[in-house]
Amino acid sequence: MDEIRQFDFWLGEWKLTWEGGEGRNLIESEFDGRVIVERFDGRPAIPLRGISVSVYDVGAGVWRQTWADSNGRYLDFVGGMRDREMDLRRAGRHEGQPALFRMLWHEISTDSLRWNWEFTTDGAKAWQTLWAIAYKRLE
């Protein structure tokens, strides 16, 4: 598979559901398919809105994503496709201690997928889920 096309599974308009809420996500391809732009809207369940830009860094052989949201948060991630799962990670802190965070797109099919926001403090031996979202493609 051409690495530049690895995020194509995410393209489209999605209904999102998570414990206690639902929202929408619009994922579009720009610049001849080289840039993936996400527009997340958690309303009315939560006031969070955000945007991400993802690009395959050909020179480094990895995917890079930047995220900015209505809470003023900026995050950056790096990673790639492993065993039919998209896994993007970043270092940070959880409850005062160093942690590794990841976004994991998994159980990917044509019309649905699952996305998890997870962290680990033990060198990636065990991951704990902070937020799990089920995606259902809108027609």
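Asp-87 is placed in strand β7, which spans residues 85-94; strands here are DSSP runs of E with at least two residues, helices are runs of H or I with at least four, and both are numbered from the N terminus. The structure is a predicted model, in which local features need pLDDT of at least 70 and side-chain atom pairs count only at pLDDT 80 or more, while totals for chains, interfaces and linings use all residues. Residues are numbered from 1 along each chain as its sequence is written, and side-chain values use heavy atoms, with hydrogens and water left out.

Is Asp-87 buried or exposed? Asp-87 counts as buried because its relative accessibility is 4%; buried means under 20% relative accessible area, exposed means over 50%, and partly exposed lies in between, using a 1.4 Å probe and protein chains only. Its side chain makes a polar contact of 3.4 Å with the side chain of Arg-102. A polar contact is a pair of N or O atoms within 3.5 Å; within protein, one must be able to donate a hydrogen and the other to accept it, and residues adjacent in sequence count only if both atoms are side-chain atoms. Leaving out residues up to four places away in sequence, Asp-87 touches Val-78, Gly-79, Gly-80, Arg-82, Arg-102, Met-103 and Leu-104, where contact means heavy atoms within 4.5 Å.

Glu-118 belongs to strand β9 and is buried, since its relative accessible area is 6%. Beyond its neighbours within four places in sequence, the contacts of Glu-118 include Leu-100, Phe-101, Trp-127 and Gln-128.

The loops hold some backbone features worth a look. Arg-84 counts as exposed because its relative accessibility is 65%. Glu-107, in the loop between β8 (97-106) and β9 (112-120), likewise has a positive phi, near 50 degrees. With a relative accessible area of 55%, Glu-107 is exposed. In the loop between β3 (35-41) and β4 (49-57) lies Pro-44, and the peptide bond that leads from Arg-43 to Pro-44 is cis, with omega near 5 degrees.

Now for the whole chain. The protein has ten strands and zero helices. Its radius of gyration is 15 Å, close to the 14 Å given by the globule rule for 139 residues, so the protein is as compact as a globular protein of that length; the radius is taken over C-alpha atoms, and the rule is 2.2 Å times the number of residues to the power 0.38. Along the principal axes, the C-alpha atoms fill a box of roughly 40 × 40 × 30 Å. Of the 139 residues, 40% count as buried. Among contacts between residues at least 6 apart in sequence, 31% join residues at least 24 apart.
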